[in-house]
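Hello,

Here is the structure I promised to pass on to you. Please open it beside this message, and then read on for what turned up in it.

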Amino acid sequence: MVDKSQIDDIKRNLNIIDIAGEHLNLRRSGNSYFALCPFHQEKTPSFSVNEELQIFHCFGCGESGDVITLFEKLNNLDFNDAILELAQRAHIKIDTKNSNYKGSNNKEILRINKAVEDFFYKNLNNNKGAIEYLKKRNINAQSIKDFSIGYSESNDHITKKLLLKNLTKEKLISYGLSTMRDNKIRDKFRNRIMFPIKNIKGDTIGFIGRVIKDDVKPKYLNSPETEVFKKSEVLYGINIAKKEILQKDFVIITEGNIDVIQANQVGIKNIVGIQGTALSQNHIDTIKRYTNKVYFALDMDSAGYKALQRSIEITEKNDLISKVISLDDCKDIDEFIRKYGKSKFIDKIINAEEFITFSIKYEIKNTDIEKYEGKIDVIKKLLPLINMATNEIKRSYYISEISKNLDIPFETIKDFQKKGKGKTNIKLQKKIKIPSSEIYFLYLILESKKLRDIGTRSIKPEYMRGSNTKKIYNYLLETDFKGENINKIKEVIFKNINKEYIEKDNNIEEMTKDLNTIIKIINNTYIKKEILKLKKELSSENNSSDILEKIKILSSNYI
Ligand SMILES: [Zn+2]
């Protein structure tokens, strides 16, 4: 690793404004520069760069960090690569020999992978069986090109060629391209259609090899884990999908690489494939750079459903919005598109369901509900999910759905739920206990002059129940919204506000309406509290007429 003093040197010699300016249209506002956020889609700039502090922070999506993090994210580099490049720019020499810096080695494996990919690709045309297979799977010439689909022969050509280039056997094995069989070093992939797996930058990090004839096992052979290939990080097609995900502001997650290709062929490009597992934290960290909405279209079998459950859990934990695309009677996207076509698939995307709605249908379809035990089974499985729903109306709605489908009275299911038999084991993220209406109030009055005027006219600092919100509001009023801590304040507000507020369109009429509602809530809550206090005094004090008068005045301020 590069040591800390060198990292500090690099930071000192760079300016975050320069790095940000290479990618973004910055405009100055107060102490900061603002731009449209490169990490989430927005219409008004909430991405700020502070020259004095040398940090960036997005008030919309919460991304934040220093010049190195920004450079990493803007250029899709990992930390090591970012440091190397920034060191060069900052004219600081980094000794890579004595550190366990992985960059140089990484580059060799990536270079070789690319050469192998090209070889497979050229080789495809020499193999009739492979071409026929792709035709049968409805994969067209454009996709073969876009996804660099190739073919591996059984002649150990790759191994021989690379050994001639003075690569050691150990290296070839550790790069996942060769393997030992019968005491001989042989090609890892033989007689397979080859699908290169790429990272976000488009580097080839590994391969999926699929047999042509289904009776050969294993049907799919993946690269082993190497220093650049980690199964839990792979999002097949991300290099092609990333732009479209940003534009559409959601990503479709599927299982197979063929599903990704098939969707691309009909023009749906915001789609990536996970390698037959559930979504991992690594996947989410990548996805979050582009969107916070995840649509699942995993295989419609029991393994796929289990993967879906685990995936939903982790998206909930990360505060992402998730939906499920139902594929009806089809096993996967590939089958669905071939059977029903593009427009039906688009319908399915538009009508993607909440996980709970999807689960109700799924569990009922896959259980024998003619029998009473079957019904109980379904209820037991579904109640934990229903308890995840955020409000009582939603919970009741889902219970009534189950009630209708199973022909069991609503109240019976409700009782069952109350007894706690359906307690959730999924932990929902805890929200900080600050009155959310007050946070939203502060957010709105910081948004525009017009809202500020309305807000400050109606709400006095003492109306605030939260001690922090009261402090912040006082500060804003004292400094006429121009204090030097305003960005820190914005940062605090943005990190604590409910996400749905931020996701709302920044349209002034809507915001004004919201502000008036919030004013009503804060004002009336305050009045109620004060009246309650006075009523308590009423019994112990003598000057009751004074207190009664105060109550009368307060009551008249009720909106
Ligand atoms: Zn952002």
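With 12 C-beta neighbours inside 10 Å, Asp 319 counts as exposed; a residue is called exposed if 12 or fewer other C-beta atoms lie within 10 Å of its own, buried if there are 20 or more, and partly exposed in between, with C-beta atoms placed from the backbone. Asp 319 sits in the loop between helix H13 (302-317) and strand S15 (321-324). Helices (H or I, at least four residues) and strands (E, at least two) are DSSP runs, numbered from the N terminus. The phi of Asp 319 is near 65°, which is a positive value in a residue other than glycine.

Before you go further, please keep in mind that this is a predicted model, in which local features need pLDDT of at least 70, side-chain atom pairs count only at pLDDT 80 or more, and totals for chains, interfaces and linings use all residues. Residues are numbered from 1 along each chain as its sequence is written.

Where else can you find a positive phi in a residue other than glycine? Look at Asp 182, where phi is near 50°. Asp 182 belongs to the loop between S7 and S8 and is exposed, having 5 other C-beta atoms within 10 Å. Strand S7 (residues 178-181) and strand S8 (residues 184-187) pair in the antiparallel sense over four bridges; two strands pair if DSSP finds at least two bridges between them. Thr 179 has Arg 186 in S8 as its bridge partner, and the hairpin of these strands has two residues between them.

Is strand S9 (residues 192-198) enclosed or open? Seven of its seven residues are buried, so S9 is largely enclosed by the rest of the structure. In a regular strand the side chains alternate between the two faces of the sheet. In S9, Arg 192, Met 194, Pro 196 and Lys 198 point one way, while Ile 193, Phe 195 and Ile 197 point the other way. S9 runs antiparallel to strand S6 (residues 150-152), joined by three bridges, and Ser 152 stands opposite Arg 192. S9 also pairs with S10, in the antiparallel sense, over seven bridges. In that pairing, Ile 193 has Arg 210 as its bridge partner. S9 and S10 make a hairpin with five residues between them, and Gly 202 in the turn has a positive phi of about 95°.

Pro 218 is in the loop between strand S10 (204-211) and strand S11 (220-222).

An open sheet of five strands has the order S1-S2-S3-S4-S5, with antiparallel pairing. Strand S1 (27-29) and strand S5 (64-66) stand at the edges with a single partner strand each, so one side of each is left without a neighbour in the sheet. Strand S4 (residues 55-58) pairs with S5 over three bridges, and His 57 stands opposite Ser 64 in S5.

Helix H3 (residues 67-75) lies across S4 and S5, at about 115° to S5. Axes are lines fitted to C-alpha atoms, for helices over the stretch in contact, and angles run from 0 to 180 degrees between N-to-C directions. The axes of H3 and helix H4 (residues 79-89) come within 9 Å and cross at roughly 110°. That makes H3 roughly perpendicular to H4 (65 to 115 degrees; under 35 is roughly parallel, over 145 roughly antiparallel, and the rest oblique). Ile 68, Phe 71 and Glu 72 of H3 make the contact with Phe 79, Ala 82, Ile 83 and Leu 86 of H4. Two residues are in contact if their C-beta atoms, placed from the backbone, lie within 7 Å.

Ile 19 lies in helix H2 (residues 16-21) and is buried, with 21 other C-beta atoms within 10 Å.

Finally, have a look at the largest nonpolar core, which has 78 residues. A nonpolar core is a set of buried Ala, Val, Leu, Ile, Met, Phe, Trp, Tyr and Cys residues joined through C-beta atoms within 7 Å. Among the residues with the most contacts inside this core are Val 251, Ile 253 and Phe 296. Helix H17 (residues 372-386) gives the largest share of the core, six residues. Apart from it lies another core, of 21 residues, including Leu 14, Ile 19, Phe 59 and Phe 71.
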